[in-house]
Every structure is written in structure tokens, then in C-alpha cells.
Amino acid sequence: MDIVRHIALVDELCHRPFPAEHGPSDGGTGAPGHFTAVLESSHGLRTGDPGERAATVDQYEKIRDALFERLAPRWGETLPWNLQTVLLRTEREEIPEPWAGLSARARVAYVWEVRGTGRWVAVAVADRDETDEVQLLAVIARNAPP
């Protein structure tokens, strides 16, 4: 866990131009209007022990919360955003990326509008898919969350 390194990457992505096409980016993916950075990722939990998976989710949630504690003084206090409601809305309406994809992967996120950049930042733990690795994500987007 390296909170300082994670924050440095988020800061860099808040000022880096978005790519013209979808593709790999530093530690994740980029697309027109957004980046998704994988800050931490489990290894071998796709078919692993459920107890180990739960412990990893708990660990990543603590890191997410530590990021919140460091970023909230900069960008403001925010309540956790329940992504379940966004996931349910994707069945009835077109939710733009990266928010639709984030809601399919994570349950809760902290989200801020980063003043002076025209960008939004979310940090979340991607743990919805039991057949995939657990990941701590940072999403940086041009468009506001729905």
C-alpha cells in the first residue's frame, strides 16, 4: 500500500490529456474523456478461497478510505456513492462511461469534482465479479457522474 504513490498518479491523471481512443494507459485504461487506473490488484483470487477474497476486499476498502481521508481536505467532504443505483439505472437508460462500467465492477465509490481541472475523480473497490480479481480503482473523467 502506497497512498502517496496513488495520490500522485491521480494528480497526474487529472492533468494529462485524455486519449483519442480506448486503450492501455499507465496502470489501467484510457478512453476519450476518462482514465481508469488500477491502484492495487489481487493475484490469484479469481478461483481462490472466499475468506482470502473477503480479507482482500476489506484491506482495499481500508486503502480506499485512507485515500478519502487524504483527498477530502483538498476537494471536499463527500458521502459514499452507492453504485447499485447506477447499476440498476443501466437497465433502463444509457449511462455514460466510465460510470456504467464502474457501477458494474464496484459497489461504493467516493467521488469529487476536482476544482480547476474540469474533471471528476472516483475511488472504489472493484469486487462485484466473484470470478475476477479484486482491484482498487481510481477513475478520472471529464463528465460528471449521473
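The following questions and answers cover the sheet, the cores and the aromatic rings of a predicted model.

Local features need pLDDT of at least 70 and side-chain atom pairs count only at pLDDT 80 or more, while totals for chains, interfaces and linings use all residues. Residues are numbered from 1 along each chain as its sequence is written, and side-chain values use heavy atoms, with hydrogens and water left out.

Colleague: In what order do the strands form the open sheet?
Modeller: Strands are DSSP runs (E, at least two residues), numbered from the N terminus. Two of them pair if DSSP finds at least two bridges between them. Here 7 strands pair in the antiparallel sense, and the order is S1-S2-S3-S7-S6-S5-S4.

Colleague: Which are the edge strands?
Modeller: An edge strand here pairs on one side only. The two are S1 (23-25) and S4 (81-82).

Colleague: In S5, which residue is the bridge partner of Trp81?
Modeller: S4 and S5 pair over 2 bridges, in the antiparallel sense. The partner of Trp81 in S5 is Ala109.

Colleague: What angle does the direction of H2 make with that of S5?
Modeller: Helices are DSSP runs too (H or I, at least four residues). Axes are lines fitted to C-alpha atoms, for helices over the stretch in contact, and angles run from 0 to 180 degrees between N-to-C directions. H2 packs on the sheet and touches S3, S5, S6 and S7 (contact: heavy atoms within 4.5 Å). With S5, its angle is about 20°.

Colleague: How many residues are in the largest nonpolar core?
Modeller: Such a core joins buried Ala, Val, Leu, Ile, Met, Phe, Trp, Tyr and Cys residues through side-chain atoms within 4.5 Å. Buried means under 20% relative accessible area, exposed over 50%, partly exposed in between (1.4 Å probe, protein chains only). Leu67, Trp112, Val121 and Ile140 have the most contacts inside this core, and its count is 28 residues.

Colleague: Which element gives the most to this core?
Modeller: Elements giving two or more residues include H1 (3-15), H2 (50-75) and S5 (106-114). The top contribution is 8 residues, from H2.

Colleague: Why is the pair of Phe68 and Tyr110 stacked?
Modeller: Rings of Phe, Tyr and Trp (its six-membered ring) pair if their centres lie within 6.5 Å; planes under 30 degrees apart count as stacked, over 60 as edge-to-face and the rest as tilted. Both residues are buried. Their ring centres are 4.3 Å apart, and the pair is stacked because the planes lie at 25°.
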